[in-house]
Amino acid sequence: MGAHGRLPWGALCCAWLLGCALPAAAQAAKEVLLLDSKAQQTELEWISSPPNGWEEISGLDENYTPIRTYQVCQVMEPNQNNWLRTNWIPKGNAQRIFVELKFTLRDCNSLPGVLGTCKETFNLYYYETDYDTGRNLRENLYVKIDTIAADESFTQGDLGERKMKLNTEVREIGPLSKKGFYLAFQDVGACIALVSVKVYYKKCWSIIENLAIFPDTVTGSEFSSLVEVRGTCVSSAEEEAENSPRMHCSAEGEWLVPIGKCICRAGYQQKGDTCEPCGRGFYKSSSQDLQCSRCPSHSFSDKEGSSRCECEDGYYRAPSDPPYVACTRPPSAPQNLIFNINQTTVSLEWSPPADNGGRNDVTYRVLCKRCSWEQGECVPCGSNIGYMPQQSGLEDNYVTVMDLLAHANYTFEVEAVNGVSDLSRAQRLFAAVSVTTGQAGGRAVCSSTKFQASDPRKGRLHPPHYLMPKLSSALTLSE
């Protein structure tokens, strides 16, 4: 036996530390290490009280890397009270701390002559403080966490076969409120080797879920607590209306209960955990749309990330047209305009235009002009005349013009219009007819049908063939 009742620990454990493999203590993905004694190869320099109690020794792990351990084996004398205290451990923003202990413990029955004085447990304590209090160890300030017992203990026979039985115990501390803490180990008469001490807290690591970024989040202070975290949308994404993205960080460092989501804004579509811009020739008009779409007919997008496609020259989109419909153009002039005159009333009739501009909302409007006999100048007819059924917005291809002046020259222009006609900057396309009114008991003279048209869409100012006037001599209508 060694002096002061201490057994020669080298005969008990050192051979094992040098020759036996330790299980790898890989850090779990949800853990943030505050202390890992096994990772430190230099002296730990923890406080031992009394100084002849716990002893720091060196060993080798399974990779033959030096590690520092603490031992105590004062089992011959009763009433042992040997303390070992770590250095001050800053905790960051953690509230709930985990302590993992790996140790071996000698079976008291395998030690002769120690009945009544040998123990097979030790105690774990902690002390919260905002700063390092130095090397003084005031035992009365420490709070007991638990009594630690070994699931397996070793005997002299295990030493001979180099089969040491490593125990692993994990305890929790919390909630903590100060900036840091100390751990302390109290030996009351056991034969122990404290192989490693790992102190850590758990967090939910940053994750992207439903296009929302959830930052690193420390778990709550209670075992059953869930910390609600609001996510931040990734670049070019926005929160879904009234459905903000949220997740819950569990006490075990797992993200749970996703609520809400982000969606790619207009001009962008989802690709994995990001929003990528629509390519050229594609668009996405709303965040509610899932994917980018190819530009509709007669439209284009010449840059990435377009929320709508621009119309080609000569084509337009009405204010009421949704972005997914093709761009359209005004219709051509009505065809086959004919008239019938009855004293001061003129009836006009025509055929639909050959080209409706790609739209189905074609209507017609009639412009009446009164022309002088001498100079041939024409002015709008004014509000004294009537139209049956109406002057504009005509859905049918006929109209009756009433209350004209007797023996007067009139020109009527009939124009086909659609939803984009008023957006066009091109010259109007219409069919025209000139007439001379008569009166009861008199004569009426009319001229041939006349057309005026241009087609700037094709870069020419002369009318297309179907708008060319068919000239004929003046007709005289008698009673």
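Strand 19 (residues 246-249) and strand 20 pair in the antiparallel sense through 3 bridges; two strands count as paired if DSSP finds at least two bridges between them. Strands (E, at least two residues) are DSSP runs, numbered from the N terminus. This is a predicted model, in which local features need pLDDT of at least 70 and side-chain atom pairs count only at pLDDT 80 or more, while totals for chains, interfaces and linings use all residues. Residues are numbered from 1 along each chain as its sequence is written, and side-chain values use heavy atoms, with hydrogens and water left out.

**Sheet 16-19-20**

- Three strands form this open sheet in the order 16-19-20, with antiparallel pairing.
- Strand 16 and strand 20 are the edge strands, each with a single partner strand, so one side of each has no neighbour in the sheet.
- Neighbouring strands here are turned by 25° against each other on average, direction ignored; the axes are lines fitted to C-alpha atoms, and angles run from 0 to 180 degrees between N-to-C directions.
- Arg-246 has Ile-259 in strand 20 as its bridge partner.

**Val-227 in strand 16**

- Val-227 lies in strand 16 (residues 227-230).
- Val-227 is partly exposed, with a relative accessible area of 25%; buried means under 20%, exposed over 50%, and partly exposed in between (1.4 Å probe, protein chains only).
- Beyond its neighbours within four places in sequence, Val-227 is in contact with Thr-217, Val-218, Thr-219, Gly-220, Met-247, His-248 and Cys-249, where contact means heavy atoms within 4.5 Å.
- The C-alpha atoms of Val-227 and Trp-255 are separated by 9.5 Å, and the two residues are 28 residues apart along the chain.

**Leu-256 and the nonpolar patch**

- Leu-256 is found in strand 20 (residues 255-259) and is partly exposed, with a relative accessible area of 33%.
- Leu-226, Leu-256 and Val-257 make a nonpolar surface patch of about 230 Å².
- Accessible areas come from the Shrake-Rupley method.

**Sheet 28-29-33-32**

- An open sheet of 4 strands has the order 28-29-33-32 and antiparallel pairing.
- Strand 28 (335-342) and strand 32 (386-388) stand at its edges with a single partner strand each, so one side of each is left without a neighbour in the sheet.
- From one strand to the next, the twist averages 20°.
- Strand 28 and strand 29 (residues 345-351) run antiparallel and are joined by 6 bridges.
- Ile-338 has Glu-349 in strand 29 as its bridge partner.

Key:
Patches are made of residues with over 30% relative accessible area and no salt bridge: like charges are joined within 9 Å, nonpolar side chains (Val, Leu, Ile, Met, Phe, Trp, Tyr) within 5 Å. Accessible areas come from the Shrake-Rupley method with a 1.4 Å probe; for residues, only the protein chains shown count as cover. A salt bridge is a side-chain nitrogen of Lys or Arg within 4 Å of a carboxyl oxygen of Asp or Glu.
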